[in-house]
Amino acid sequence: MQSIIHLENIRKSYYLGKQELPVLKGISLDVYRNEYVALMGPSGSGKSTLMNILGCLDSPSGGRYMLNGKDVSRMPDNDLAEVRNKEIGFVFQQFNLFPHMTVIENIMIAPVKVLKKSKEEAAAEALKLLGRVGLADKANEYPSRLSGGQKQRVAIARAMAMNPEVMLFDEPT
């Protein structure tokens with residue numbers, strides 16, 4: 001069985017002037033469809049850096065990252081944007097909900113803009129997802145009126161609305 005995520009000797013360094021600061025030093029990993037993996041470690045150990053690489057928000061300095069059999073390690077930015085939009089769901093630590101949009105609008109926007117779904121289809125799917133996360137009654141609320149846990153569940157529903165191959169959660173608890 002082919003892994004959905006295959007990391008081979010992933011390295012990432014940042015530079016402070018001419019001084020190299022290695023953060024990831026040869027990470028290799030395979031993740032298979034329907035598998036759950038948790039990355040744990042102390043602050044500053046590179047978890048968020050690895051998550052950004054997995055989410056195609058950043059590129060490794062070295063090594064190879066295969067996603068669904070495609071080498072995304074050195075893809076151009078515009079191709080990576082398409083991979084991010086269509087194959088990866090990312091729930092950020094800060095939720096990143098649009099404050100001027102209702103809960104249902106936050107969930108609908110990407111399926112309408114990126115997947116070109118009709119507003120009616122996106123709304124129906126958003127309501128189903130809100131039901132799955134226990135927030136169907138909050139569809140017309142604004143994020144400012146939600147608790148932190150409710151915002152997190154809206155962010156999860158929003159990521160699920162894109163039906164991604166991979167879901168990434170940064171600091172999920």
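I began with C56, which sits in the loop between α1 (47-54) and β3 (62-67). The model is a predicted one, and I read every entry here with that in mind.

I looked up the backbone of C56 next. C56 has a positive phi of about 60 degrees, although it is not a glycine. I then checked its cover: the relative accessible area of C56 is 2%, so I noted it as buried.

I went on to N68, another entry on backbone angles. N68 is not a glycine, yet its phi is positive, at about 55 degrees. I found N68 in the loop between β3 and β4 (70-71). Its relative accessible area is 27%, so N68 goes down as partly exposed.

I turned to strand β1, where I placed K12. Is K12 buried or exposed? K12 has a relative accessible area of 10% and is therefore buried, since the cut-off for buried is under 20%. I looked for a partner of its side chain and found a polar contact with the side chain of D58, at 3.2 Å. Leaving out residues up to four places away in sequence, I listed what K12 touches: L21, P22, V23, L24, T49, I53, D58, S59, P60 and S61.

I stayed on strand β1 (residues 5-16) for Y14. Y14 has a relative accessible area of 35%, so I recorded it as partly exposed. Which residues make the nonpolar surface patch with Y14? I found L16 and L21 there, and the patch comes to about 280 Å².

Definitions and conventions:
Residues numbered from 1 in each chain as written. Predicted model: local features only at pLDDT ≥ 70, side-chain atom pairs only at ≥ 80, totals over all residues. Heavy atoms only, no water. Patch = residues over 30% accessible without salt bridge, like charges linked within 9 Å, V, L, I, M, F, W, Y side chains within 5 Å. Areas by Shrake-Rupley, 256 points an atom, 1.4 Å probe, with all protein chains shown as cover. Salt bridge = Lys/Arg side-chain N within 4 Å of Asp/Glu carboxyl O. Helix = DSSP H or I, 4+ residues; strand = E, 2+ residues; numbered from the N terminus. Buried < 20%, exposed > 50% of the residue type's maximum accessible area, 1.4 Å probe, protein only. Polar contact = N/O pair within 3.5 Å; in protein donor to acceptor, adjacent residues only side chain to side chain. Contact = heavy atoms within 4.5 Å.
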